[in-house]
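Try each task before reading its solution.

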Amino acid sequence: MSALLDVSGISISFGGLKAVSEFSLAIPERGLFGLIGPNGAGKTTVFNLLTGVYRPDEGTIRLAGRDLVGLKPHQIAAAGMSRTFQNIRLFPDLSVLDNVRVACHVRGRHGIASTVLRFPAHVAQERGIEERSRRLLALFDLDARRHEAARSLPYGDQRRLEIARALATEPKVILLDEPAAGMNPRETHALAGLIRRLREEFGVTVLLIEHDMGLVMEICDRITVLDYGVTIAAGARDEVQKNPRVIEAYLGQPTEEAS
Amino acid sequence: MIRSAAPVAAGFAIAVLLQLAAGSVVGPFAVKLLMDIGINVVLAVSLNLVNGFTGQFSIGHAGFMAVGGYVAGCITYYGSFLLWGGASVRPGLLSGGTLLFLGACLVGSLVASGAGFLVGLPSLRLRGDYLAIVTLGFGEILRVMLQRTGDVLTDPASVKGAAATTLATSLGGSLGFSGLPYYTNLLWVYVFVTVTLVVALRLKFSSYGRAFLSIRENEIAAEAVGVNTTRLKVRAFVLAAAFAGLAGGLFAHEVGVSLNPRELGFQKSFDIVIMVVLGGMGSVSGAVLAAIVLTLLPEALRSFSEFRMPIYALALILMMILRPQGLLGLREVWELPWLRRRSAGGGTETA
């Protein structure tokens with residue numbers, strides 16, 4: 001089975017600090033993988049490397065066989081990888097609908113002339129974008145609030161809108177950075193169902209950073225554990241749970257624990 | 001197709017109507033004011049593409065206006081000499097003179113957009129105050145260069161004998177480019193106002209404009225959803241500069257205007273910025289309203305003219321504290337909540 005997203009030995013240093021060291025990961029199509037680790041382990045840095053915010057010092061990133069290293073973030077979005085952000089980054093003053101419509105931009109052709117002169121192809125495309133955006137919003141129970149500014153949504157809705165927006169770029173792979181942060185257990189449970197649906201209904205491959213262990217253990221096929229930028233464990237959830245290095249990274253060494 | 005041409009036709013009809021009726025109804029002074037308003041509308045709405053839509057901060061818009069104005073002025077003035085031996089107006093709706101004037105405005109607009117491209121390039125790397133300084137520097141450099149140009153040639157024989165480079169550098173220096181034929185009238189001003197408004201509104205309510213807006217809202221997120229922010233920022237600059245150049249061409253050929261470098265310096269750039277900030281960053285109708293008000297206000301307060309700048313500055317400071325997004329913010333007049341409630345369920349499809 002060849003992997004859809006194939007990351008091999010990527011590293012990056014900031015000054016003297018090696019933030020991520022030889023990180024590798026191979027996710028098959030429709031995989032749902034988790035990336036966990038203590039605060040500051042370099043998880044979000046991995047996302048930034050994958051999406052072109054940073055360029056890795058070494059290593060390769062392949063999406064469906066295509067090399068992504070050196071591409072700009074917008075090119076990577078066009079290649080089929082989109083993400084959400086740990087600290088929500090919506091377009092706060094744009095409406096909920098427009099937040100999603102912007103993300104449809106990447107799959108279309110847009111010229112100033114065709115926009116200003118309202119060519120039929122342009123009009124048809126705009127209509128298609130609106131329909132698709134509304135369908136996505138309906139799926140996330142946000143359609144009723146589509147005219148509100150994104151900033152006025154409650155926190156949980158903002159998180160879900162960010163996922164809807166990421167989906168609007170029609171990604172092959174979606175990277176979710178702590179989607180359950182700040183959600184209560186009931187919302188988290190609903191989110192778990194939603195992430196499963198991403199895979200089942202959209203055929204999207206998911207890589208998830210999450211601190212909520214319950215969520216990770218509930219939905220992820222495989223889990224990679226980072227600590228200080230180094231991969232200390234990778235495997236199915238049971239293996240990872242029992243791995244002594246993982247326990248050490250999260251709980252400290254047994255000797256300290258005993259004192 | 002017919003629906004899409006309707007707003008343009010309506011705008012042109014208004015322009016024709018103004019041209020035919022305004023002169024006899026309200027008199028020449030009001031006509032001049034109406035032209036000033038129209039030119040300022042073009043300037044404010046086009047600057048809004050950069051400052052309001054993409055969230056870059058340019059304070060050199062008058063520089064692009066100067067490029068367009070001087071290029072257009074140079075072409076009509078010396079062109080008239082070469083064609084007809086003098087720079088007096090050749091009347092008629094589509095006389096040779098009018099065609100020369102329109103062509104000159106378009107060329108001026110094109111050259112200005114080229115300047116916009118050059119100034120837009122740094123915006124890829126600079127943001128905020130730093131970009132503002134670059135645009136300010138552009139305007140100032142241009143002003144100094146224009147001040148160093150030679151005297152305007154007024155003798156038909158010497159114009160005929162002069163090389164093209166001599167003509168292009170005989171722009172009147174710091175005294176200004178005098179003797180330009182007054183081709184600008186309400187018809188052409190409002191034809192171009194219509195074009196500017198239709199372009200700005202159609203961009204705003206389309207994928208293209210939403211991509212512009214996403215840059216100002218959150219550049220990192222915009223990139224992450226596939227918006228090519230570098231390319232769009234430069235395009236915003238180019239487009240805005242093209243319209244500013246057009247406005248410059250209209251300004252140069254307006255009655256009672258002296259086209260000189262001082263007139264198109266920092267002060268003018270600042271006036272346009274205030275229109276955008278006051279009207280609402282990203283609001284086309286807001287920029288129009290602010291342009292109207294801020295063109296009429298100095299006329300109404302003519303006796304307090306020395307207090308104009310302090311009052312503007314104070315208004316700007318108050319605005320920044322109380323309502324940093326401008327009077328209308330991102331919204332258009334017809335999207336205001338109290339208007340919406342009345343016409344329930346108004347969509348976003350306008351223009």
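**Exercise 1. Describe how helix α11 and helix α13 of chain B pack, and which residues make the contact.**

Step 1: helix α11 (residues 266-279) of chain B packs with helix α13 (residues 308-322) of chain B at an angle of about 35 degrees, their axes lying 11 Å apart. Helices (H or I, at least four residues) and strands (E, at least two) are DSSP runs, numbered from the N terminus. Axes are lines fitted to C-alpha atoms, for helices over the stretch in contact, and angles run from 0 to 180 degrees between N-to-C directions.

Step 2: α11(B) contributes I274(B), V277(B) and L278(B) to the contact, and α13(B) contributes Y312(B), L316(B) and M319(B). Contact means that C-beta atoms, placed from the backbone, lie within 7 Å.

Step 3: these contact residues divide into 6 nonpolar, no polar and no charged. Ala, Val, Leu, Ile, Met, Phe, Trp, Tyr, Cys and Pro count as nonpolar, Asp, Glu, Lys and Arg as charged, and the others, Gly among them, as polar.

A note on the model: it is predicted, with local features needing pLDDT of at least 70 and side-chain atom pairs pLDDT 80 or more, while totals for chains, interfaces and linings use all residues. Residues are numbered from 1 along each chain as its sequence is written, with chains lettered from A and ligands numbered from 1 in written order.

**Exercise 2. Work out what chain B brings to its contact with chain A.**

Step 1: 24 residues of chain B touch 29 residues of chain A.

Step 2: on the chain B side, α7 (186-204), α8 (207-217) and α9 (219-224) each give two or more residues, and α8(B) gives the most, with 7 residues.

Key: Two residues are in contact if their C-beta atoms, placed from the backbone, lie within 7 Å.
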